[in-house]
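Please look at the sequence and the model below before reading on.

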Amino acid sequence: RRAWPRPRGAPPLQGWGMFGDSLTGRRRSAQVEIRRATAEQLREVVALRIAVFYPMQVTNYEFHQQVYERLLERQRQGAVCLVATAPDGTVVGTVEFSSADFDNTTMEYVGANRKAYAMDWAVKETHRRMGIATRLLEHIEAYALQVGYEELWLHCERTNESAFKFYKNQGFTPVLPSPATLAWTRRRLPFREPSSYFLLKRCVGSGAAAPAAAAAAEAEAPPGLEATAAAAREARA
C-alpha cells in the first residue's frame, strides 16, 4: 500500500464543504498556479481535503484510500479537479466540479440544461486569505465558458458566514427550496440538508462558447484557461 503524505498540521474544522475560515479580509496575494490536477497530484488533493474537512481522519489511511478511490471514480465520470500549486509544486488549494452530478436526478431539469456542481473547496491553512479561493472560482468560470455551462451550483453550510459572504460577493444567490432541490440535497447531503444553502450563479457569456473550445476543454490540460479566467474577471467587473 502506498504511503500517504502526512499533513504537518490538521487545521480545525470550520464548516463542511468549504475552505475553512478567513475567506474575506484578504491580506496578501499568493503566487500560485491554477491548473487541472494531474494523476500524481490526486493523493495530495485527498490529503488536503481530509486535513480541512475531516481532521480526525488524518492518520486513518483506509479512509484516505476510500476518498482517493471515490475521487478516481468521479474523474472517470467526467469530474474536473483543479489545484492551486505553490512555487515548490505543493498543492495548497483544490476544488472539484462536474455536470454529471445532476444527470438522472431530480435536478436534471431544474434551471439550465448545461450546469455544473462544485464541491470540496479546500485551501491549506497556511495559504488562506491570499485570494486562492477567488482564483479557483475564476478558473471554474473559465472552464464553464469554454464548455458552455450556463450555471454553477454549490452548497454552503449556513453556519459558515464567511463562506456565504464570499459566495454572495462572487455573484452566487440562494435558491428557494423546491421538491426537486430538496430531494437532490437530501440524497447528496443526508446529514446536512437542513443546515446548508443551495447557491446558484449564472455563467456570464457561456452561451457564446464555441464547439472547438468545448473540445479543447475536455483535454487533460485545457489551453487558454488563464486568459479565459481573466476574461471572466473582466465580465464580472
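Which residue stands opposite Thr85 in β2? Glu33 stands opposite Thr85. The account below places this pair in its wider setting.

The model is predicted: local features need pLDDT of at least 70, side-chain atom pairs count only at pLDDT 80 or more, and totals for chains, interfaces and linings use all residues. Residues are numbered from 1 along each chain as its sequence is written, and side-chain values use heavy atoms, with hydrogens and water left out.

**Overall architecture**

The protein chain contains 7 helices and 7 strands. Helices (H or I, at least four residues) and strands (E, at least two) are DSSP runs, numbered from the N terminus. From that end, the elements follow the order β-α-α-β-β-β-α-β-α-β-α-β-α-α. Of the 237 residues, 49% count as buried, where buried means under 20% relative accessible area, exposed over 50%, and partly exposed in between (1.4 Å probe, protein chains only). A contact means heavy atoms within 4.5 Å. Among contacts with a separation of 6 or more, 78% come from residues 24 or more positions apart.

**The sheet**

The 7 strands form an open sheet with mixed pairing, in the order β1-β2-β3-β4-β5-β7-β6. Its edge strands are β1 (33-36) and β6 (173-174), each of which pairs on one side only. Two strands pair if DSSP finds at least two bridges between them.

| Strands | Bridges | Direction |
|---|---|---|
| β1 and β2 | 4 bridges | antiparallel |
| β2 and β3 | 6 bridges | antiparallel |
| β3 and β4 | 5 bridges | antiparallel |

Phe97 takes part in two of these pairings: Val80 has Phe97 as its bridge partner in β3, and Phe97 has Ala118 as its partner in β4. The hairpin of β2 and β3 has 5 residues between the strands, and there Gly89 takes a positive phi near 90 degrees.

Strand β2 is mostly covered, with 6 of its 6 residues buried. Val80, Leu82 and Ala84 are buried on one side, and Cys81, Val83 and Thr85 are buried on the other.

**The nonpolar cores**

A nonpolar core is a set of buried Ala, Val, Leu, Ile, Met, Phe, Trp, Tyr and Cys residues joined through side-chain atoms within 4.5 Å. The largest has 32 residues, and those with the most contacts inside it are Phe97, Trp121, Leu136, Ile140 and Tyr167. The elements giving two or more residues to this core are β2 (80-85), β3, β4, α3 (132-147), β5 and α4. Helix α3 gives the most, with 8 residues. What does Leu136 touch beyond its neighbours within four places in sequence? Leu136 is in contact with Ile34, Leu82, Val83, Ala84, Gly93, Thr94, Val95 and Trp121.

**Cysteines**

A disulfide is a covalent bond between the sulfur atoms of two cysteines. Here a disulfide is counted as a pair of cysteine sulfur atoms within 2.5 Å, and the count comes to 0 disulfides. Why does Cys156 count as buried? Cys156 counts as buried because its relative accessibility is 0%. Cys203 is also buried, with a relative accessible area of 13%.
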